[in-house]
Amino acid sequence: MSFLQNAWYVAAWEDEVKPGALFHRTILNEPVLLFRTSGGEVSALADRCPHRFLPLHHGKLSNDVVQCGYHGLSFDSTGQCVKSPHGDGRIPRGAVVRRYPTVLRDRAVWIWPGQPDRADPAQIPDYSFLTTAHPNAVFTGYLPTACNYQLATDNIMDLTHADYLHIGSLDTRGAASRARPQIRQENSSVFCDWWLPGSHVMGVFAPLLNLADENEPVDQWLELRWEPAASMLLRAGVTRAGRPRGEGFEGLAVHLMTPETESTTHYFFASAREFMPEDAVLNEQIRAGVTAAFTYQDKPVLEAQQRSIGGQHLLRLKPVALPGDAGALRVRRALNDLLAAESQTQEDAVI
């Protein structure tokens, strides 16, 4: 399994990386050390001392310098060794650790595992609503999941699973499953939209409309945007049947999958809304409901899928295709094209 290297991934939510502390996470099979500098920026270094390869997170951080906990070599935020307590203090040749480009944006620490000179922050998806929303109308979450990141991406790109996995909260009583999503691709971005007129209201939306009859039809929409390698934005909304969307309610959700290994994923999620923005109780209710659905419904299914598939590639098993798979399959094709182009570029560089 190969990963797209020249792409932005989320390494952590911004508040996970505390001032004065060392934080570590495996990303694309590589151990990464994260820490804040005195200026508030986040530095990302390979989490491995070049002397005897002890993970640097076993050391300590002082004045923007990480000291290895084994023999005391010290490295600055660029990865350069700046102090050796041995012999005459001469810095050993080759005493340097890899530094990854990072950007703090929209509550997240974004990391670029590929060629540093190709790390363009303009390629980071725009999720600025996570910072502009009222504090009581936004939340973030993290869920480590023991499955390949493409399985987790499939799960979001095909929302028909909600009709069977999230009954009572996110299901549409089959409306999404019966509808055909509209798929389009713009450059490397893939869009997948469901329009559900005259459908049964999802449980999460029901309290917002104050329907006199729970069976009263409503118009609902689910609109997804995928950007490489595994960043997704979901717009989900509802309005009374036949009424303009502007009269209804819409929420924005972000789903960000960062590969840890071939069979494990860092799943970052976030949500924001414009309606009832100051209602902290509503925000907690939404946060608790979303987190429960991911933790107790999506996660067990994804991990069971991974155990069933093992080390095989999903498409090589020739899975049966359903209409709702269209978005996920388009994403897989788009990602495969990017992986092939990146591989060809690497081969050309070697030649």
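**The second largest pocket and its helices**

Modeller: In this predicted model, the helices α2, α6 and α7 (326-350) each supply at least two residues of the lining of the second largest pocket. The lining comprises 23 residues, and those nearest the centre of the pocket are Asp154, Asp158, Gln305, Val320 and Asp325. By class, 13 of the lining residues are nonpolar, six are polar and four are charged. The volume of this second largest pocket is about 640 Å³.

Two of these helices, α2 (149-157) and α6 (280-309), also give two or more residues to the lining of the largest pocket. That pocket holds about 880 Å³ of space, and α6 provides the largest share of its lining, nine residues.

The side chains of Glu284 and Arg287 meet in one of them, at 2.6 Å from N to O. These two residues are three apart in helix α6, so about one helical turn separates them. Glu284 is partly exposed, with a relative accessible area of 40%, and Arg287 is likewise partly exposed, at 29%.

Another salt bridge joins Lys299 to Glu303, with the closest N and O atoms 2.9 Å apart.

Key: Residues numbered from 1 in each chain as written. Predicted model: local features only at pLDDT ≥ 70, side-chain atom pairs only at ≥ 80, totals over all residues. Heavy atoms only, no water. 1 Å grid on protein atoms, 1.4 Å probe; cavity = no way out; pocket = protein on both sides within 12 Å on 5 of 7 lines; lining within 4 Å. Points joined across faces, edges and corners; volume = space filled by probe spheres on them. Helix = DSSP H or I, 4+ residues; strand = E, 2+ residues; numbered from the N terminus. Nonpolar A, V, L, I, M, F, W, Y, C, P; charged D, E, K, R; others polar. Salt bridge = Lys/Arg side-chain N within 4 Å of Asp/Glu carboxyl O. Buried < 20%, exposed > 50% of the residue type's maximum accessible area, 1.4 Å probe, protein only.
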